[in-house]
Amino acid sequence: DGTICAVDASFTPSPSNLEEATKIYDKSVELLESLRGPDDPPDLELAFSGPYRNAPMTKKVMEEDLRITSALSLFLVFGWLLLQFRGLRALLLVFLPLSAAMLITLGVVALFGLEMNLVSSFTFAILIGIGNDFGVHILMHYGDRRREGLGVEEALRQALRGLRGSMFAAAMTTILTF
């Protein structure tokens, strides 16, 4: 009746190849926009659907979720540490080693040319929460030793000595979990 025109197209790459699916999606949207004319009726809809549209759209949504989740995780951890320790020094003592470890991890990923997918990218949000646990435990025990009147070196030595078993167990369970 002239109200609907559908075109069915098949593409060579799999829609699971997000890079190629995104190129196809972008070209299709560009093509649809180029078909619009000045005299088009207001109710004319040009649409692209199917897995080559859905996969890139899902990727965009997941990337936005990843960005928001990571920022929220970082904000919450920073806020909790500020409330717990009431000072910026604790943030430095916890996040400098964590940041260095994350940079080293990303450096190794880049060095070997590995690609991170969306799921593995979410591990950075998780690592922000898990990765500061060891520093927090050390700071808590160190603070307790300092309040007992020990000097800086002795307080740190005793905190590390007292935590080595539990820290080793925690490290092993984290390693095995990941």
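The second largest pocket of this predicted model is lined by Phe85, Gly87, Arg89, Ala90, Leu93, Leu139, Tyr142, Gly143 and Arg146. Lining residues have an atom within 4 Å of a point. The volume of the second largest pocket is about 220 Å³. Volume here is the space filled by probe spheres set on the points, with grid points joined across faces, edges and corners. Helix H3 (88–111) and helix H6 (133–147) each supply at least two residues of this lining. H6 provides the largest share, four residues. Helices are DSSP runs (H or I, at least four residues), numbered from the N terminus, and strands are E runs of at least two. By class, the lining of the second largest pocket holds five nonpolar, two polar and two charged residues. Ala, Val, Leu, Ile, Met, Phe, Trp, Tyr, Cys and Pro count as nonpolar; Asp, Glu, Lys and Arg count as charged; the others, Gly among them, count as polar.

Residues are numbered from 1 along each chain as its sequence is written, and side-chain values use heavy atoms, with hydrogens and water left out. The model is predicted, local features need pLDDT of at least 70 and side-chain atom pairs count only at pLDDT 80 or more, whereas totals for chains, interfaces and linings use all residues.

The largest pocket has a volume of about 850 Å³. Its lining comprises 24 residues. Cys5, Ala6, Val7, Leu32 and Ala47 lie nearest the centre of this pocket. Helix H1 (18–35) and helix H2 (51–85) are the elements that give two or more residues to the lining. H1 gives the most, with six residues. The lining of the largest pocket has 16 nonpolar, five polar and three charged residues.

Salt bridges were examined next. Side chains of opposite charge can pair when their charged atoms come close. The criterion was a side-chain nitrogen of Lys or Arg within 4 Å of a carboxyl oxygen of Asp or Glu. The whole structure contains nine salt bridges. In one of them, Lys23 pairs with Glu19, with the closest N and O atoms 4.0 Å apart. These two residues are four apart in helix H1, so about one helical turn separates them. Lys23 is partly exposed at 42% relative accessibility, and Glu19 is exposed at 56%. Buried means under 20% relative accessible area, exposed over 50%, and partly exposed in between (1.4 Å probe, protein chains only). Glu19, Glu20 and Lys23 are linked in a network of salt bridges.

Arg36 forms a salt bridge with Glu33, the closest N and O atoms being 3.9 Å apart. Arg36 is partly exposed, at 37%. Glu33 is also partly exposed, at 47%. Asp144 and Arg147 meet in a salt bridge at 2.7 Å, N to O. Both lie in helix H6, three residues apart, so about one helical turn lies between them. Asp144 is partly exposed at 33%, whereas Arg147 is exposed at 65%.

The chain averages 82, and 93% of the residues score at least 70. Among the elements, helix H5 (residues 123–130) has the lowest mean pLDDT, 66. Helix H7 (residues 152–177) has the highest, 87.

Technical notes. On a 1 Å grid over the protein atoms alone, a cavity is a set of points where a 1.4 Å probe fits but cannot get out, and a pocket is an open set with protein on both sides within 12 Å along at least five of seven lines; lining residues have an atom within 4 Å of a point. pLDDT is the predictor's confidence in each residue, from 0 to 100.
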